[in-house]
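Trainee: I've got a fold open on my screen and I'd like to talk through some of its side chains. Can we take it a question at a time?

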Amino acid sequence: PESFYHAFILGLLVWLEPRYHIRSNRESGKGRFDISLTPKDTLQKGIIIEIKSPYLEKGKNLQDALKDAAEQLKVRNYAHEMRQQGISDILQVAVAVQGKELLVVEVE
């Protein structure tokens, strides 16, 4: 299920290509982020998105998936590559999706 939402969100962001390098499933920090928008102007805000969908067979709900995505952003330091490029303003977003339900939180 995550791959469907991942592709959908990626498709929505493609119009930002003139201002951002849009990357998907790339390695940075200690793992692979889902989507990153690296600004072509280093003074602009960078964005990293981590998407999770709950595994119902493991008894997880939407809130659990959001917590997992947020924790992954904190622990795996996906912003490392952007910081190396001189981008200091980085928005990290955890997203949990299931059917028509969506939860989003900014991760510090």
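Trainee: Let's start at Phe 4: does Phe 4 count as buried or exposed?

Mentor: Keep in mind that this is a predicted model. The cut-off for exposed is over 50% relative accessible area. Phe 4 comes out at 56%, so Phe 4 counts as exposed.

Trainee: Which residues form a nonpolar patch on the surface?

Mentor: Look at helix α1, residues 2-13, where Leu 12 is found. Leu 12 has 49% relative accessibility, so Leu 12 counts as partly exposed. The patch has about 350 Å² of accessible area together, and its members are Phe 4, Phe 8 and Leu 12.

Trainee: How many aromatic pairs does the structure hold, and what is the geometry of the one formed by Phe 4 and Tyr 5?

Mentor: The structure holds 2 aromatic pairs. For Phe 4 and Tyr 5, the centres are 5.3 Å apart and there are 75 degrees between the planes. Planes over 60 degrees apart count as edge-to-face, so this pair is edge-to-face.

Trainee: And Tyr 5 itself, buried or exposed?

Mentor: The cut-off for buried is under 20% relative accessible area. Tyr 5 sits at 16%, so Tyr 5 counts as buried.

Trainee: What about Phe 33 and Tyr 78: how many residues apart in sequence are the parts that this pair ties together?

Mentor: The ring centres of Phe 33 and Tyr 78 are 6.2 Å apart with planes at 80 degrees, so that pair is edge-to-face. Phe 33 is buried at 3% relative accessible area, and Tyr 78 is buried at 1%. Phe 33 lies in the loop between β3 and β4, and Tyr 78 in the loop between α2 and α3, so the parts tied together are apart in sequence by 45 residues.

Trainee: Over in strand β5, is Glu 50 buried or exposed?

Mentor: Glu 50 is found in strand β5, residues 46-52. Leaving aside neighbours within four places in sequence, Glu 50 is in contact with residues including Phe 33, Tyr 78, Arg 32 and Val 95. Its relative accessibility is 2%, so Glu 50 counts as buried.

Trainee: Last one: what separation do the C-alpha atoms of Thr 38 and Ile 49 have?

Mentor: Thr 38 is found in strand β4 and is buried, with a relative accessible area of 4%. Beyond neighbours within four places in sequence, the contacts of Thr 38 include Tyr 20, His 21 and Met 82. Thr 38 and Ile 49 are 11 residues apart along the chain, and their C-alpha atoms are separated by 11 Å.

Key:
Residues are numbered from 1 along each chain as its sequence is written. This is a predicted model: local features need pLDDT of at least 70, side-chain atom pairs count only at pLDDT 80 or more; totals for chains, interfaces and linings use all residues. Side-chain values use heavy atoms; hydrogens and water are left out. Patches are made of residues with over 30% relative accessible area and no salt bridge: like charges are joined within 9 Å, nonpolar side chains (Val, Leu, Ile, Met, Phe, Trp, Tyr) within 5 Å. Accessible areas come from the Shrake-Rupley method with a 1.4 Å probe; for residues, only the protein chains shown count as cover. A salt bridge is a side-chain nitrogen of Lys or Arg within 4 Å of a carboxyl oxygen of Asp or Glu. Helices (H or I, at least four residues) and strands (E, at least two) are DSSP runs, numbered from the N terminus. Buried means under 20% relative accessible area, exposed over 50%, partly exposed in between (1.4 Å probe, protein chains only). Contact means heavy atoms within 4.5 Å. Rings of Phe, Tyr and Trp (its six-membered ring) pair if their centres lie within 6.5 Å; planes under 30 degrees apart count as stacked, over 60 as edge-to-face and the rest as tilted.
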